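Welcome! Let's take a short tour of this structure, one part at a time.

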Amino acid sequence: MFPTSFAFARKHLAALLLAAAVGLPLLWSLAAAALAGLDATAWTALASQPQTAPALWLSLYTGLAATALALAGTALLLAHSFGTPRWTRLLGRLPAMLALPHAAFAIGLLLLIAPSGWLVRTGVALVAPFDAWLGLGLALDAPPAWQSTQDPWGLGLIAVLALKEIPFLLWTAAAQLQRPDVARRLTLELRLAQTLGYSPRSAWWRVAWPQLLARLQAPLLAVLVYSLTVVDVALIAGPSTPPTLAVLAWQWLQDADPARNAMGAAAAWLLAAVVTTLALAGLLAQRYGRGWAAARWARGVALIDEVKVRQAQADPVAAAMTCTDTARSRSAPTQAAAYGLGGGRAGGGTGALTLAYSAVAAALALGSVIGVWPFPDLWPQAWTWQAWHAVADSAPVVWTTLGLALTSSAAALLWAVAWLECAPLAWQRRLQGLLYLPLLLPSVLWALGLHRLALAWGIDGNITGLWLAHILCVLPYVLLSLQGPYGGFDARLQAVAASLGRTRWAFVWRIKWPMLRAALAASFAVGFAVSVAQYLPTLYVGAGRFGTATTEAVALAAGGQRSLMAAFAALQWLLPALVFGLAAWAGRARRFPAPARVAPPAASASKKLSHTLQ
Amino acid sequence: MPSPSTPTLLQIRLRCLRTPAGVLLHDLAIDVPGGAVHTVMGASGAGKSSLLAAVCGTLDEGMAFDGTVHLNGQRTDTLPTHQRRVGLLLQDDLLFAHLSVLENLLFAVPAGPQAGRRAQALAALAEVELPDYANANPATLSGGQRARVALARALLARPQALMLDEPFAKLDAPLRQRMRELLFGAVAARGIAAVLVTHDAADVADTQRLTHLS
């Protein structure tokens, strides 16, 4: 007999309702998008379009290159900084980097690398005094004619995506590395590997990275999907003749001609098929590459296993001998380095990433107050708040951005917490694929599905539909960021609390949620940032009636109002940065007072109470 | 040590304890009078901790307990954990990291006037010889101090039975001895029925009350 069968049934019912509340619109959108793609004429038209093949090729190589670079950057940064103070500092900076939306980052980077941007001006200013002497003709009086923005090779797009995805991958890696169970095991294994004579970096690559990489599959797939299918960043930083396939699909979907609309839906499905093929190829490569990897790492792992076995047998002499022998025979100097993996290069990697983000942020901030700025002057002739006055005059845009972000991230957080509390683990595992679907589907296809859903439910072009669309877009990110800390929460604490006579709710209110406060606040901030950055759903489901900082910034990127574009992009960054800052403050560790003597109860009272206790 | 005629406070009758992999334990009877410590020993994986979890009502999902647990004559295995009045002390102290030592203790004190609850918690802290640590961060305490706070917390909830899952395993020899004295003394003084799981024969309080799981 189940002692708590009523509570058990109630919990399952709640989980069922929660699953239905999100599953229904998700599946509806998916089905609607699928129906839109079932048009043979559209597929024929897509195949005969001369732009399709080059656009697909561009999408493929920019997406794959950006993902590969982001992964390589993440791996190197982790190898060079994990376990050092640099890793802690980098973790502290990640929220600010994550708060910078892709579109804002792209705009900031363009302000830096454009022919008339800061980098060229700085170069000219540095070279000009020596130019007469060198005779190289580098003292330009007009911006160079090269195409450093929206270049036809997609290099700018790759750079934006790779730089923007590194903090995301670092953050997901940190979520894994901070799980008490994973952290404890990895730390022990890294130490063991070092006692076997492996340098800290070698130990990382042989022991920690293969394990971590296996846990980064889902985030990596999300990065690949995003890089292959992003629209707003490709509009700002990508080539235009032809654009990426996602941009092409988006343009066709916006067309008044239903035939081109259908072709857009087919293009979106083509992207989905490409993504699925790549994901399957990745899985196959992982399966068949495992043998190679196993052989590659076998030596180190086998030795570690040997030490583990010896320790398990409580044979300290053998363990000590293994340590001293191997330490003597191999790279002894590296032992002294302990976790200091690579010194200068480590600092260089994290420093370069920080510098890139600081430069972009500075470009946005300064770019928003630039007045007259003739080339090649390093500094403008005048600074002006005009762009910010224009932003202030667009109060509805600011309020829509804020309102949507606050309410959708709050709703998503409430749902995620309720789901993680109520849903049995088996349900959570089974529905994971569906809940993370928005991360794994091309955004343009997803926007199409959401639009059809809004049309069917009669909520297109109004704030309710837009809010629902934002919730569905935000939810996977909130769930993803919360799932790690929730999964890593020590379940024994609940048993202890119950054994102390406390109900489940008392435990949740007074122990669990306060202990997960930082994770809850961070998840809210992530949701807020994701909502602020939404472009396609805002435009499509909102039927163009609702402007947000992102839609304004992307629209302005195509025009010549540099300072206004920078101001909206800066706003797009400042709002999430503010919320991330608040989240960090709300989730800060408690400071306990220095140990101080607390007057115990009077002796007689103490005795009496002790007696009562007995 | 209670005399053999002392009435049973905790009665465990286990017909079967199942995991998804199969039957873990079967046909087990344990009777513990108030103030006594019944020791359960056995190899790792024999089901010692699962037995304690079954008594507490904290078995993992997928595990099933077939049997009865009576505490002071009342059947408790049908009650939710928080109503069973069965305390739990584990190998890890599991102090709540975001609460001070005093707040950890207050969490266990049953509802009542705030001043009285605070006084009870402070008295319990004095009893485990840590009167100066009320406002301390649990993370700054030594292993032995943390274990004593965990003991004080478990006792403050006024349990009728106490499940002790290797509570001395992480302590060094002198601390183990001190903790045994404190714990067994508190159990005897309060008339609690305790079940102790251990691998260490030195922990056995009463050789007459010993179950060996194979």
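## Two domains in chain B

The domain assignment divides chain B into domain 1, covering 1–85 + 160–214, and domain 2, covering 97–158. Keep in mind as you look around that this is a predicted model.

The C-alpha centres of domain 1 and domain 2 of chain B are 24 Å apart. Where they meet, ten residues of domain 1 of chain B are in contact with eight residues of domain 2 of chain B. On the domain 1 side, helix 5 of chain B gives the largest share, six residues. That side of domain 1 of chain B is made up of eight nonpolar residues, two charged and no polar.

## The sheet and its helix

Next, find the open sheet of chain B: its four strands run in the order 2-1-4-5, with antiparallel pairing. Strand 2 (22–33) and strand 5 (74–75) of chain B are the edge strands, each pairing on one side only.

Eight bridges join strand 1 (residues 8–19) and strand 4 (residues 64–71) of chain B in the antiparallel sense. Here Leu14(B) has Gly67(B) in strand 4 of chain B as its bridge partner. Helix 1 (residues 48–56) of chain B packs on the sheet and touches strand 1, strand 2 and strand 4 of chain B. The direction of helix 1 makes about 115° with that of strand 1 of chain B.

## Meeting chain A

How many residues of chain B are in contact with chain A? There are 41, and they face 34 residues of chain A. Among the elements of chain B that give two or more residues to this side are strand 6 (86–89) and helix 4 (143–156).

Helix 3 of chain B provides the largest share, seven residues. By kind, the chain B side has 24 nonpolar, eleven polar and six charged residues.

How values were computed: Residues are numbered from 1 along each chain as its sequence is written. Chains are lettered from A and ligands numbered from 1 in the order in which they are written. This is a predicted model: local features need pLDDT of at least 70, side-chain atom pairs count only at pLDDT 80 or more; totals for chains, interfaces and linings use all residues. Two strands pair if DSSP finds at least two bridges between them. Two residues are in contact if their C-beta atoms, placed from the backbone, lie within 7 Å. Axes are lines fitted to C-alpha atoms, for helices over the stretch in contact, and angles run from 0 to 180 degrees between N-to-C directions. Ala, Val, Leu, Ile, Met, Phe, Trp, Tyr, Cys and Pro count as nonpolar, Asp, Glu, Lys and Arg as charged, and the others, Gly among them, as polar. Domain bounds come from an automatic or database domain assignment.
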